[in-house]
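Colleague: I'd like to learn how to read a few features off a model. Can you walk me through it?

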Amino acid sequence: MTFSLEQLVIDNDMITMTKKAMEGIPVNEETLAVESIDQVGIGNNFLAHKSTRDNIDLPSSPMLIDRLMYGDWKAAGAKDIATVAHEKVVDIMKNHVVEPIDADLLKDMKAVVDRADKAFRGN
């Protein structure tokens with residue numbers, strides 16, 4: 001069997017984006033961007049408008065997927081998602097600090113295991 005930490009990181013990013021999208025997108029004056037439509041004009045390009053850039057992450061906020069325009073992505077090194085995921089895995093493995101389990105919770109967990117062991121042994 002094999003397991004890919006990079007795939008796990010990519011899957012986590014996809015799940016996180018899906019959960020965020022399922023929360024919905026707020027509908028208000030800012031997100032409707034009526035003023036922006038008036039400024040840019042119907043049928044013109046809204047992608048470069050400040051309101052689009054400000055709200056681009058509302059439906060999802062990916063950790064790995066790069067939303068740069070192609071030329072900017074190429075100039076930034078043209079890293080594919082597998083490379084970015086690998087860099088994230090290396091960073092996590094190097095820098096992640098596991099918070100210790102609270103002593104009271106650890107004690108309760110040990111009690112559950114001890115009861116299960118005792119029941120298994122038939123004591």
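Predicted model: local features only at pLDDT ≥ 70, side-chain atom pairs only at ≥ 80, totals over all residues.

Colleague: How far apart are Glu87 and Ser51 in sequence and in space?

Modeller: They are 36 residues apart along the chain, and their C-alpha atoms are 31 Å apart.

Colleague: What about the nonpolar side chains, how should I read those?

Modeller: In soluble globular proteins, nonpolar side chains tend to be buried together. Here the largest nonpolar core has six residues: Val9, Ile10, Leu64, Val84, Ala85 and Val89. Helix H1 (5-22) and helix H6 (81-95) are the elements that each give two or more residues to this core. H6 provides the largest share, three residues.

Colleague: Which residues does Val89 touch, leaving aside neighbours within four places in sequence?

Modeller: Val89 is in contact with Leu5, Glu6 and Val9.

Colleague: And aromatic rings?

Modeller: A pair of aromatic rings is described by the distance of the centres and the angle of the planes. The count here is one aromatic pair. Tyr70 and Trp73 form that pair, with 5.7 Å centre to centre and 40 degrees between the planes, so the pair is tilted.

Colleague: Where do Tyr70 and Trp73 lie along their helix?

Modeller: Both are in helix H5 (residues 70-75), three residues apart, so about one helical turn separates them.

Definitions and conventions
Residues numbered from 1 in each chain as written. Heavy atoms only, no water. Phe/Tyr/Trp six-rings, centres within 6.5 Å; stacked < 30°, edge-to-face > 60°. Helix = DSSP H or I, 4+ residues; strand = E, 2+ residues; numbered from the N terminus. Core = buried A, V, L, I, M, F, W, Y, C linked by side-chain atoms within 4.5 Å. Buried < 20%, exposed > 50% of the residue type's maximum accessible area, 1.4 Å probe, protein only. Contact = heavy atoms within 4.5 Å.
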